[in-house]
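Dear colleague,

I am handing over the structure below for your use. My notes on what was found in it follow directly after.

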Amino acid sequence: AQIERVGAKRVLEIGSGTGENAALIAAETSAEVVAVDISQAFIDIARHRHRLGNLRFELLDLLGDEVLEFGKFDLVCGNGILHHLVKQLPRVLGNLHRMTNPGGGLAFIEPNFLNPYCAFAFGTKLGRRMARLEPDEMAFTPGELRHALADAGWKDVTVNMQDFLVPGLPLPLVKPVLAIEPALEATPLTRWLAQSHFMTASA
């Protein structure tokens, strides 16, 4: 939806891993999609698995490389990558802003620390050990994300909490949770318990 809203001709996905999300974006739009990751192994796998005319995979370190190496974009996006970069978040969001054309946008999905599962996984020693988290990984509260985006120069910031399917949910519970999820997301009293933040902003 954000791609259509900003009329994106060029899209950057950061933390693309083995390329599934980037391939989906490229297959469903006519935009040029540049997907970047810090791991050469992931880039090699992605290039082998996904071959589309409007999709390319490139090695890029947002903290170390020249961030304008691949030009500017109409939309920058990612799924579950910013919580790995909490200590460098101001610099990362600032660099993403530099990489975005005026009038372009941002769209990210990140874990919600207010969700009970996320609070356990990120906020307790046992949870962090069970989830095999890296030392610097940390989920966000909505206020933290709003302030960080605004401080980095992003405008029209929205942080919506969605998604009640958590990792490890027993298979028989998936359909019932999906059935009641719209009602949970529509109610302020329960929306804040959702697992994920869906963030958008304008350059």
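In what order do the seven strands of the open sheet lie, and with what kind of pairing? The order is S3-S2-S1-S4-S5-S7-S6, and the pairing is mixed. Please bear in mind throughout that this is a predicted model.

**Overall composition**

The protein chain has 203 residues, of which 43% count as buried. Nine helices and seven strands are found in it. Among the contacts with a separation of 6 or more, 69% are made by residues 24 or more positions apart. The accessible surface comes to about 10600 Å², and carbon and sulfur atoms account for 60% of it.

S3 and S6 (155-162) are the edge strands, each pairing on one side only. From one strand to the next, the twist averages 15°. In general, the strands of a sheet pair through backbone hydrogen bonds, in a parallel or an antiparallel manner. Both kinds of pairing can be illustrated here. S1 and S2 run parallel and are joined by five bridges; within this pair, Glu-13 has Ala-35 of S2 as its bridge partner. S6 and S7, by contrast, run antiparallel and are joined by six bridges. Thr-158 stands opposite Thr-200 in S7. As for cover, five of the six residues of S2 are buried, which leaves that strand mostly covered.

**The nonpolar cores**

The largest nonpolar core has 30 residues. Those with the most contacts inside this core are Leu-12, Ile-14, Leu-82, Leu-93, Leu-96, Leu-106 and Trp-154. At least two residues each are supplied by S1 (10-14), S2 (32-37), S4 (73-79), H4 (89-98), S5 (100-111), H7 (142-151) and S7 (196-202). H4 gives the most to this core, with four residues.

Leaving aside residues up to four places away in sequence, Leu-82 touches Ile-14, Leu-89, Val-92, Leu-93, Phe-108, Glu-110, Phe-140 and Met-199. There is also a second, separate core of 18 residues, which includes Ala-22, Ala-26, Ala-35 and Ala-107.

**Helix H2**

H2 spans residues 20-28, and Ala-22, Ala-23, Ile-25 and Ala-26 are buried in this helix. Seen down the axis of H2, these buried residues fall within an arc of 160°, so they line one face of the helix. They pack against helix H1 (2-6), S1, S2, S3 (55-59) and S4. On the other side of H2, Ala-27 and Glu-28 are exposed.

Why does Ala-27 count as exposed? Its relative accessible area is 56%, and the cut-off for exposed residues is over 50%. The C-alpha atom of Ala-27 is separated by 9.5 Å from that of Gly-53, a residue 26 residues apart from Ala-27 along the chain.

**Helix H7**

H7 lies across S5, S6 and S7 and runs at about 160° to S6. Its buried residues are Pro-142, Leu-145, Ala-148 and Leu-149. These cover an arc of only 135° around the axis, which puts them on the same side of H7. H4, S5, S6 and S7 are the elements against which the buried residues of H7 pack. The face turned away from the buried side carries the exposed residues His-147 and Asp-151.

**Residues with positive phi**

Just after H7, Gly-153 takes a positive phi of about 100°. Arg-132 is not a glycine, yet has a positive phi of about 55°. This arginine, Arg-132, is placed in the loop between helix H6 (125-131) and H7, and is exposed, with a relative accessible area of 75%. Asp-156, likewise a residue other than glycine, has a positive phi near 50°. Asp-156 is found in strand S6 and counts as exposed at 58% relative accessibility.

**In brief**

The main points to take away are the open sheet of seven strands with mixed pairing, the largest nonpolar core of 30 residues and the second, separate core of 18 residues. H2 has its buried residues lining one face, and H7 has its own on the same side of the helix.

With kind regards

Note on methods. Residues are numbered from 1 along each chain as its sequence is written. This is a predicted model: local features need pLDDT of at least 70, side-chain atom pairs count only at pLDDT 80 or more; totals for chains, interfaces and linings use all residues. Side-chain values use heavy atoms; hydrogens and water are left out. A nonpolar core is a set of buried Ala, Val, Leu, Ile, Met, Phe, Trp, Tyr and Cys residues joined through side-chain atoms within 4.5 Å. Buried means under 20% relative accessible area, exposed over 50%, partly exposed in between (1.4 Å probe, protein chains only). Contact means heavy atoms within 4.5 Å. The arc is that of the directions from the helix axis to the C-beta atoms. Two strands pair if DSSP finds at least two bridges between them. Axes are lines fitted to C-alpha atoms, for helices over the stretch in contact, and angles run from 0 to 180 degrees between N-to-C directions. Accessible areas come from the Shrake-Rupley method with a 1.4 Å probe; for residues, only the protein chains shown count as cover.
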